[in-house]
Amino acid sequence: MSAAGRPVAGRGDGARGAGRGLPGAFAARYRRGAPGQPRAIGYLYLLPALAVYGVFLLFPFGQTVWLSLLHWDGLTVATWAGFDNYRDLLTDPGLRAPFVHAAVLLLFYAALPVAIGLLLASALSRFRVRGMTFFRTVLFLPQVLAMVVVGVAWRSILAPDGLLNDTLRLVGLDALTRSWLGDYTWALPAVGAVGTWVETGLCLVLFLAGAQRIPRELYEAARLDGAGAVREFFAVTLPGLRAEIAVALTLTIVAGLRNFDLIYITTSGGPGNATSVPAYEVYRRAFETNEVGAAAAMGVGLTVLIFALTVAVSRLVEGRNR
């Protein structure tokens, strides 16, 4: 007891007090940390998704890289090829041609849909059009159709006795009729035109959604400054849709480079190899000509190309936003 009559805390009491204060100190320490700390807990939440991603994507991709280093027909014993298959991608015209065709298709799958979508979105946001929901639904319809259905329908339209040639004959333009999918010059643009029809609706819907969040005051200020339709487009609409343009370019570029089903249904890479693209060439070499190593190398090259273009588009937009 102290002189004042109050009990003096002994050593045992002090230890118990320290023990009682210890959890509170730890709690205060974690409360002072940033949300999501400790970081290891966050990785535990991501682990199931990462496991699925690794099993179904990374592991097969690693196997494809391994096969690309081999000469293998799918049946007999494989032999080591090293980088020969990749060297052939750069030197063999038969392997380079599909990538050239894919670059041409990107004009139809990415450049034209984005340009048409921007023009339509700018016009529709400037002028009030009745039945907007109906037009938006009709233009977006190709996105919800299976590409096999699209290929079968357009193969019938572009046939020598199809709807397109019948229409040209009806209006007196018989000289323009041709076998669109069997012509060495027009087969690739014909397939590309189908891609433009498919992707334009997606771009338009993205741009219309983005145009709705552009403040109307910006358009009014531009008009007060005497801006016409063209200047208003480049000064207000185009900068305001920068993020949507990046998304549209990414989606359309990926769709153009991985194009397989439309080519398979309409032309099967023909006539000759005039419409052969990397995705179809991977299938043909792996399952028809039994060149599994070359097919794997082309698949890896296509994956790297898609990744590089996607990163380039994203970085370009992020750099502009900064």
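Colleague: At roughly what angle do the axes of α4 and helix α13 (residues 278-287) cross?
Modeller: Happy to start there: this is a predicted model, in which local features need pLDDT of at least 70, side-chain atom pairs count only at pLDDT 80 or more, and totals for chains, interfaces and linings use all residues. Residues are numbered from 1 along each chain as its sequence is written, and side-chain values use heavy atoms, leaving out hydrogens and water. Helices are DSSP runs (H or I, at least four residues), numbered from the N terminus, and their axes are lines fitted to C-alpha atoms over the stretch in contact, with angles from 0 to 180 degrees between N-to-C directions. The axes of α4 and α13 come within 8 Å, and the crossing angle is roughly 150°.

Colleague: Which residues of α13 make the contact with α4?
Modeller: Contact means heavy atoms within 4.5 Å. On the α4 side we find Gly94, Leu95, Pro98, Phe99 and Ala102, and they meet α13 through Pro278, Glu281 and Arg285.

Colleague: Are α6 and α8 parallel or oblique to each other?
Modeller: The axes of α6 (residues 147-157) and α8 come within 11 Å and cross at roughly 135°. Angles under 35 degrees count as roughly parallel, over 145 as roughly antiparallel, 65 to 115 as roughly perpendicular and the rest as oblique. The two helices are therefore oblique.

Colleague: Which residues of α8 does α6 meet?
Modeller: From α6 come Met147, Val150 and Trp154. Their partners in α8 are Val194, Trp197 and Val198.

Colleague: Does Ser122 count as buried or exposed?
Modeller: Ser122 sits in α4 and, leaving aside neighbours within four places in sequence, is in contact with Phe233 and Thr237. Buried means under 20% relative accessible area, exposed over 50%, and partly exposed in between (1.4 Å probe, protein chains only). Because its relative accessibility is 14%, Ser122 counts as buried.
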